[in-house]
Structures are given as C-alpha cells and as structure tokens.
Amino acid sequence: MDFTLMGFVLANVAAAMSGAFFRPGAWYEHLNKPWWRPPNWLFPIAWSILYAMIAVSGWFVWQADELARTWPALAVYGVQLVLNACWSAVFFGMRRIDLALLELIALWLSIVAMIVMFYPISAAAAWLLVPYLAWVSFAGVLNYRVWRLNPDPNPA
C-alpha cells in the first residue's frame with residue numbers, strides 16, 4: 001500500500017474519532033427528531049464509506065500533480081477534516097444544536113470549495129466528494145429540524 005494513501009486514511013480516521021469521543025447518548029435520544037431521520041445504525045455505515053471516499057479523493061489530488069500546484073486544495077482538504085471532526089464535539093459534546101448548524105454550514109462550504117479546487121487537478125477526486133456533499137446537505141437539514149424541534153435542548 002502506498003504510504004501517502006495510508007496517511008490520508010489515517011487523517012480521516014482521526015477526524016472520525018470525534019464521533020467515538022462525542023457519542024449521541026441519552027441526551028440525543030430524548031430530543032425531538034423528525035420522522036424521516038435515518039436509524040442510528042445507518043450513520044456509522046454511511047460515514048465509513050464517505051471517509052474512505054474522502055481519503056481516496058485527497059490521495060488522487062496528492063498523486064495528480066506537484067505539491068506546488070496542489071497545496072491550496074490540500075489545505076482546504078485539511079480545513080474540511082477539522083470542521084468535520086468538530087461537528088460531533090459541538091453537537092453532542094457541547095449540546096449546542098444551533099452552533100453545530102453554523103459549523104455544518106462552514107463544513108458544507110469547505111466541501112464545495114474542495115470540489116471546485118479538486119476538479120481541475122483530478123475530476124475523479126472531485127466526483128468522489130459529491131456523495132459527501134449530499135450527505136452533509138442532508139445532515140444540515142436534519143440538524144436544522146432538530147434545532148427547530150428542540151428550542152431548549154438543555155432545560156434546567
């Protein structure tokens with residue numbers, strides 16, 4: 001296995017670990033949620049597939065050209081991973097549904113920027129990110145609905 005691909009995989013595993021540290025728990029289970037929310041078992045499956053695609057996408061860009069040309073796109077890739085990792089901490093850790101929505105908007109924008117920046121370097125890398133953008137778009141709508149259904153998620 002290529003060591004740079006392993007680096008991208010490990011970076012995504014590190015981002016995913018946020019979800020292991022900040023778990024939904026009883027607080028989340030007691031929130032009002034829309035009827036169309038996917039079952040809890042689907043989230044780790046979906047995210048595992050998405051993280052694999054994100055890792056391969058970054059690796060494609062790394063392999064495609066000189067670092068002098070790709071570093072801005074890879075910097076956005078890094079920002080996106082940090083934003084991705086932070087969402088669980090804000091939503092489940094801080095229990096701030098409102099701030100998590102703002103954080104998710106920043107993540108969504110970083111994914112769009114990444115797709116736009118990746119496309120001229122590697123169209124395959126950009127296309128690998130489209131399901132990620134779709135999932136985060138769905139997550140944004142879900143986050144918004146949970147926020148609206150729970151105006152005071154932490155009553156005294």
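This briefing describes selected helices, residues and side-chain contacts of one protein structure.

The structure is a predicted model, in which local features need pLDDT of at least 70 and side-chain atom pairs count only at pLDDT 80 or more, while totals for chains, interfaces and linings use all residues. Residues are numbered from 1 along each chain as its sequence is written, and side-chain values use heavy atoms, with hydrogens and water left out. Helices are DSSP runs of H or I with at least four residues, numbered from the N terminus.

**Helix α1**

- Helix α1 covers residues 3-21. It has 19 residues and reaches 27 Å from its first C-alpha to its last, close to the 27 Å expected at 1.5 Å a residue; the expected span is 1.5 Å times one less than the number of residues.
- Its buried residues are Leu 5, Phe 8, Asn 12, Ala 15 and Ser 18. Buried means under 20% relative accessible area, exposed means over 50%, and partly exposed lies in between, with a 1.4 Å probe and protein chains only.
- These buried residues pack against α3 (42-64) and α4 (67-93).

**Asn 12 and its surroundings**

- Asn 12 counts as buried because its relative accessibility is 2%.
- A polar contact of 2.8 Å links the side chain of Asn 12 with that of Tyr 77. A polar contact is a pair of N or O atoms within 3.5 Å; within protein, one must be able to donate a hydrogen and the other to accept it, and residues adjacent in sequence count only if both atoms are side-chain atoms.
- A polar atom of the Asn 12 side chain also lies 2.9 Å from the backbone oxygen of Phe 8.
- Neighbours within four places in sequence aside, Asn 12 is in contact (heavy atoms within 4.5 Å) with Tyr 51, Ile 54, Ala 55, Tyr 77 and Leu 81.

**A nonpolar surface patch**

- Met 6, Val 9, Leu 10, Val 13, Met 17, Phe 21 and Phe 22 make up a nonpolar patch on the surface, and together they have about 610 Å² of accessible area.
- Patches consist of residues with over 30% relative accessible area and no salt bridge; like charges are joined within 9 Å, and nonpolar side chains (Val, Leu, Ile, Met, Phe, Trp, Tyr) within 5 Å.
- Accessible areas come from the Shrake-Rupley method with a 1.4 Å probe, and for residues only the protein chains shown count as cover.
- Phe 21 belongs to helix α1 and counts as exposed because its relative accessibility is 63%.

**The salt bridge**

- Side chains of opposite charge can pair when their charged atoms come close.
- A salt bridge is a side-chain nitrogen of Lys or Arg within 4 Å of a carboxyl oxygen of Asp or Glu, and the count by this rule is one.
- The side chains of Arg 96 and Asp 98 form a salt bridge at 2.8 Å, N to O.
- Arg 96 is partly exposed at 32% relative accessibility, and Asp 98 is partly exposed at 27%.

- Ser 88 lies in helix α4 and is buried at 12% relative accessibility. Not counting residues up to four places away in sequence, Ser 88 touches Ser 18, Gly 19, Phe 22 and Gly 93.
- Ala 100 is found in helix α5 and is buried at 0% relative accessibility. Apart from neighbours within four places in sequence, Ala 100 is in contact with Trp 87, Val 90, Phe 91 and Asn 143.
- The buried residues of α7 include Trp 135 and Asn 143, and their cover includes α3, α4 and α5 (97-118).

Note on methods:
Helices (H or I, at least four residues) and strands (E, at least two) are DSSP runs, numbered from the N terminus.
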